Number of protein chains: 2
Amino acid sequence: VDFLKSFEELSSIGATAEGGVDRQAASEEDGLAREWLRARLIEYGATITVDSVGNLFGLFLWTDDAPFILTGSHLDSQPSGGRFDGAYGVLASLAAAQRLNFEVQSGVSAPRYNLAVVDWTNEEGARFQPSVMGSSVFVGSLPLGEALASRDTSGDTLQKALQRIGFLGPEAGAKATISITDVVAYAEIHVEQGNRLETTGANIGVVTGSWAAYKYDLRLTGEQSHTGATPMADRRDALLAAATVILGVNALTHGIPDFHTSVTELDAGPKSPNVVACLASMHVELRAPTLAVLEGAEVQLLQLMASVESELAVAVSITRQWHRAPAIYWPAGVVLAKDCADRAGLSCQFLETISGHDSIALNSVVPTVMLFTPSSGGWAHNSKELTLDPDLNNGVDMLTEVLRALCVGVVET
Amino acid sequence: VDFLKSFEELSSIGATAEGGVDRQAASEEDGLAREWLRARLIEYGATITVDSVGNLFGLFLWTDDAPFILTGSHLDSQPSGGRFDGAYGVLASLAAAQRLNFEVQSGVSAPRYNLAVVDWTNEEGARFQPSVMGSSVFVGSLPLGEALASRDTSGDTLQKALQRIGFLGPEAGAKATISITDVVAYAEIHVEQGNRLETTGANIGVVTGSWAAYKYDLRLTGEQSHTGATPMADRRDALLAAATVILGVNALTHGIPDFHTSVTELDAGPKSPNVVACLASMHVELRAPTLAVLEGAEVQLLQLMASVESELAVAVSITRQWHRAPAIYWPAGVVLAKDCADRAGLSCQFLETISGHDSIALNSVVPTVMLFTPSSGGWAHNSKELTLDPDLNNGVDMLTEVLRALCVGVVET
C-alpha cells in the first residue's frame with residue numbers, strides 16, 4: 001500500500017474545511033481514526049490490545065515471550081489542527097512495521113525483539129488535560145484514575161468518552177497485553193513544528209534533548225463596575241489586569257533567544273458591553289532548555305503578579321499546576337539514528353524538541369529515539385501545517401532503519 | 001403602601017445570591033417584574049398599554065384628551081446587576097403617581113396634563129444591543145424593526161423574547177395608547193452610579209448635561225500556532241494584540257480627568273492551552289463631556305490599531321457602531337428641580353450624567369428633567385450597589401414635587 005495514499009485516507013477522518021483535521025481526544029472522529037488504524041494493523045498481521053487509558057497497540061509477535069520495541073505517536077489533534085501532527089508518526093510506524101514484518105515473514109531477518117505500534121491517547125491536551133496523557137499513564141508518571149477522571153468543558157470524563165467510542169480497555173479475555181516492563185526501547189517520528197530543518201535543508205532531525213516547561217493556572221479577581229459612570233481610578237478591571245499579565249509574560253522573553261512563553265485560554269467576564277469585568281482566568285506557559293531560565297522567569301512572574309495586585313487592585317491567584325524537567329535523549333540512540341541516516345543516504349541535524357511529545361514520557365524510563373521530519377513554513381497547530389511528500393517518505397525510510405536496528409538487538413535487556 | 005416594602009418585593013424578582021438581581025431584558029424574570037408592575041399600576045387606577053417594542057405604560061387619565069407628563073425608568077438589569085439601577089426609578093415614578101392621583105381624586109389638585117408611568121424595554125443593552133432601546137424607538141431615533149430583530153448570544157430575537165413573556169404590544173383593541181407626540185415633558189430619577197453626591201453630601205443630583213460616547217466593535221486576526229515550538233518572533237498572537245489594545249485604550253485617558261474608556265466582552269480563540277490564539281474580538285468605549293476629546297482620542301485609537309498591525313502582524317478591523325452626542329438638559333427644568341428641592345427641604349447638586357439613561361433619548365425631543373439619588377460607595381453594575389433608605393425616600397419626595405409642578409402646567413404645549 002502506498003504510504004501517501006494511506007495518509008490521505010487517514011487525513012479525511014475529521015477533515016476541516018481549512019484543510020486540517022479536528023480529531024480531539026476520544027471524540028467521535030478520534031474513534032473513527034482509531035478504527036481505521038485497528039483495521040490496518042489487523043490486516044498487516046498485528047494482534048490488537050487496548051490498555052486501561054485507551055492506548056491502542058498493534059503487536060507483531062515474532063518471537064515467543066520476547067520483549068518489545070515500541071513505536072508510535074498519536075491520532076488525536078487540536079480543535080483546528082493540522083493533518084501531520086501525531087498522525088504522521090502513527091502512520092510511519094505502521095508502514096515501517098509492515099515492511100519489517102514482511103522481512104520477518106519472508107525469512108530475510110530474524111529479530112531478537114517483537115515490535116509494537118501504538119496510538120497514544122490524548123497527546124494534545126486540548127479537550128482533556130494534561131497533555132501527553134496516555135503515554136504518561138503507560139510509563140507510570142500519571143495516575144490512571146486522574147487521567148480517566150479528567151473532564152472536558154462539557155463535563156464529560158475521559159473515561160466516559162473512551163467508553164462511548166469503544167476504546168476503553170482492557171477487553172475481557174484479550175489475547176495479549178503490553179506494559180512498560182515489556183518495552184526495550186521506543187522510537188517516534190513527528191513533524192518538527194518549527195523551521196529549523198527547513199532553514200538548514202536537513203532531511204531528518206535527530207532529537208538530542210527536550211526543553212523544560214512550567215505551566216500555570218492564573219485567576220484574577222477585580223470588582224464589577226460601570227464602564228461609564230465608575231471613575232477610572234476606582235475601577236478594579238480584571239481584563240485590564242489580564243492584559244498587563246499577557247504583555248508582561250511576553251516581555252519575559254525579551255533578550256533571551258531560547259525562551260518561549262505564552263498566555264492562552266483567556267476567559268473574562270461578566271460579558272456585557274457596559275460592565276467592567278471582575279473575573280479573568282488564563283493559562284500561562286514558560287518553556288526553555290534549562291530549569292535555570294524558568295526559575296528566574298518564575299521569580300519575575302511572581303513580581304509581576306505582585307505589581308498587578310498593588311497597582312490595579314486586582315487579586316491574583318496563581319498555581320503552577322504542571323512542570324516538565326529538561327531531559328537528554330538516549331545518547332547511543334542519537335548515534336544509532338545518525339548511522340541509520342547515513343545508511344539511508346539522508347542528511348540529518350541534531351536538535352532539541354521544544355514542544356511536548358509522547359517520546360518525552362517514554363524517554364524518562366526506556367532508551368528512546370525521537371526523529372523529526374521538516375515542517376514546511378514551520379506551521380504548527382494550524383491547518384496550514386505541511387510536510388512535503390519526499391520528506392514524508394524519507395521519514396518512513398529513516399524510522400524503518402532505526403526500528404530494524406533496534407529489533408535486531410542493539411539494546412541489551 | 002410603604003415604598004421601601006414595595007422596593008423589597010420588586011427586588012426579590014430575579015434576586016441573586018450576591019444580593020443583586022439578574023433580570024435581563026425580556027427574560028422570564030423581566031416578565032415577572034413587568035407583571036408585578038402592571039398589577040400595581042392597575043391597583044392604583046392606571047390604564048395599561050404596551051407599545052410595539054414592549055414599553056409598558058400606566059396611564060393616569062385625569063383630563064380627557066390632555067397630553068401627558070411621562071415618568072419612569074427601566075426594570076431590566078445587567079446579568080449580575082444591582083437592585084437599584086432602573087428599578088428604583090420605575091418604583092419612584094409609581095409611588096409619585098399614586099400620591100398625585102390621590103390628590104387629584106380627592107380634589108386637592110386639578111392638573112392640566114395627564115400622567116403616565118413607563119417601564120422602558122432594554123435600557124441596559126446587556127442581552128440585546130444597543131442599550132437605551134425602548135426609549136430610543138419611542139422617540140423615533142432607533143427603527144422599530146432593528147430593535148425587534150436584535151439577537152442575544154443564543155440567537156433569540158427581542159421580538160420572540162417579548163412575545164414569550166407576553167409584552168409585545170400593541171394589544172388588539174387596547175383602551176388607550178401613547179406616543180411621543182402626546183408627551184409634554186419627561187422626568188426620571190435614577191441612582192447616581194458614582195460617588196459625587198456621596199462626596200458632597202447633597203441629597204439630590206440635578207442633571208445638567210450628558211457625556212458623549214463612541215462605541216466600537218474591534219476584531220483582531222492573527223495566525224494559529226504552537227505555544228511551544230513556534231519561535232516567538234514568528235507568532236501572530238491575537239491575544240497579545242488584544243492585550244496591547246486593552247492597555248492602549250486605557251492609556252488614552254492618562255492625564256485627562258474627564259475621560260472614561262473601557263474594553264469589555266473580550267473573546268479570544270481557539271481556546272486550547274497549547275495553541276496561540278488567532279482571533280480576538282472586543283467592545284471598546286470612549287466617553288467624555290465633549291466631542292473634541294473623543295475625536296482626538298479616536299485619532300490616537302486608529303494610530304494604535306496601525307501600530308498593532310505593523311508590530312504584531314495581526315490584522316485589525318474596527319467599526320464605530322454607535323455614538324452619542326453630548327447634550328444639555330432642559331435649562332428651565334434644572335431651575336424647576338432646584339425650586340422643588342428647596343421646597344422639599346433637600347440639598348441639591350448640579351452634575352452631568354456619564355452613563356446612558358432613557359432620559360437621554362427623551363431629552364433629545366421633549367423637555368426632560370433628570371434626577372439622581374446618592375449611590376453609597378459609588379457601586380454600579382454590581383450587586384453591591386446601594387442607596388440608603390432615607391435617600392430612597394428623599395428621591396420619591398423630590399420626584400413627586402417635580403411631577404406635581406409639571407402636571408400643573410409649567411411647560412406650555
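**Reading the interface of chain B and chain A**

Mentor: The area buried between chain B and chain A is about 4900 Å², and carbon and sulfur atoms give 56% of it; buried area is the accessible area (1.4 Å probe) that two parts lose on being put together, summed over both. This is a predicted model, in which local features need pLDDT of at least 70 and side-chain atom pairs count only at pLDDT 80 or more, while totals for chains, interfaces and linings use all residues. Residues are numbered from 1 along each chain as its sequence is written, chains are lettered from A and ligands numbered from 1 in the order in which they are written, and side-chain values use heavy atoms, with hydrogens and water left out.

Trainee: Which residues of chain B lose the most area to chain A?

Mentor: The size of an interface is often given as the accessible area lost when the parts come together. In chain B, Met232(B), Pro273(B) and His381(B) lose the most, together 13% of what that side buries.

Trainee: How many residues of chain B are in contact with chain A?

Mentor: Contact means heavy atoms within 4.5 Å, and 56 residues of chain B are in contact with 56 residues of chain A.

Trainee: How many salt bridges does the rule find across the interface of chain B and chain A?

Mentor: A salt bridge is a side-chain nitrogen of Lys or Arg within 4 Å of a carboxyl oxygen of Asp or Glu. The rule finds 2 salt bridges across this interface; Lys384(A) forms a salt bridge with Glu223(B), where the closest N and O atoms are 2.9 Å apart. By class, the side of chain B that touches chain A has 19 nonpolar, 26 polar and 11 charged residues, where Ala, Val, Leu, Ile, Met, Phe, Trp, Tyr, Cys and Pro count as nonpolar, Asp, Glu, Lys and Arg as charged, and the others, Gly among them, as polar.

Trainee: By what turn and shift can chain B be laid on chain A?

Mentor: Two copies of a chain are related by a rotation about an axis and a shift along it. Here chain B can be laid on chain A with an RMSD of 0.1 Å by a turn of 180 degrees and a shift of 0.0 Å along the axis, the copies being superposed by least squares on the C-alpha atoms of residues with pLDDT of at least 70 in both. That is the relation of a two-fold axis. In chain B, the C-alpha nearest the axis belongs to Ala243(B), 2.1 Å from it. The same surface serves both copies, since 100% of the contact residues of chain B recur in chain A.
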